[in-house]
Amino acid sequence: MNHQNYIIMNKGFLYSVFTLLLSVAMLALSGCDNNQSNPNNQITTDALIVLIDGPDTCNDYMIEIGKFVYKPENLSSLLKVDSLKVNLTYELNNTETYNCGFGGYVPVIRIINIEILTN
């Protein structure tokens, strides 16, 4: 293989790699546009209000969503009932966390709407 063919092959290879990377980037970015369907970054889901108490834990009512626990910044005292099933719409407070002692820091959420589930 002479030097000129090697340069042409490298340009073709680089073009293929660039095209592949550009395609992957466009595909990844197309899946990240959540703001069209949810302009305020609000999430609606079923959740559980739980009391996490103890000498060095959260010692407060938290919102459990799946495997994650969140500190609500505006939970009404009427809803501070351990193991209460709710459906809520919330948004994540990106500037604040809550210290749960040995439990570490948990994200803070702001409740937009909340309804008690009867089932």
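**Entry 1: the barrel.** I started with the overall layout: five strands close into a barrel in the order β1-β2-β3-β5-β4, and the pairing is mixed. From one strand to the next, the twist averages 55 degrees. For that angle, axes are lines fitted to C-alpha atoms (for helices over the stretch in contact), and angles run from 0 to 180 degrees between N-to-C directions. Two strands count as paired if DSSP finds at least two bridges between them.

**Entry 2: ground rules.** This is a predicted model, where local features need pLDDT of at least 70, side-chain atom pairs count only at pLDDT 80 or more, and totals for chains, interfaces and linings use all residues. Residues are numbered from 1 along each chain as its sequence is written, and side-chain values use heavy atoms, with hydrogens and water left out.

Entry 3: I looked up β1 next. Strand β1 runs antiparallel to β2, with five bridges joining them; Ile 52 has Asp 60 in β2 as its bridge partner. Seven bridges join β1 to strand β4 (residues 84-99), again antiparallel. There, Thr 45 has Leu 88 in β4 as its bridge partner.

Then I moved on to β3. Strands β2 (residues 60-65) and β3 (residues 68-72) run antiparallel and share three bridges, and Ile 65 is bridged to Phe 68 in β3. Their hairpin has two residues between the strands, and Gly 66 takes a positive phi near 65 degrees there. How do β3 and β5 run, parallel or antiparallel? They run parallel, with two bridges joining β3 to strand β5 (residues 105-116). Lys 71 stands opposite Val 108 in β5.

**Entry 4: confidence.** I checked pLDDT, the predictor's confidence in each residue, from 0 to 100. The protein chain has a mean of 79, and 67% of its residues reach 70 or more. Confidence is highest in strand β1 (residues 43-52), at 96, and lowest in helix α1 (residues 3-30), at a mean of 56. Over residues 29-37 the pLDDT is below 50, and this stretch has one contact in the model beyond near neighbours in sequence. Contact means heavy atoms within 4.5 Å.

Note on methods
Helix = DSSP H or I, 4+ residues; strand = E, 2+ residues; numbered from the N terminus.
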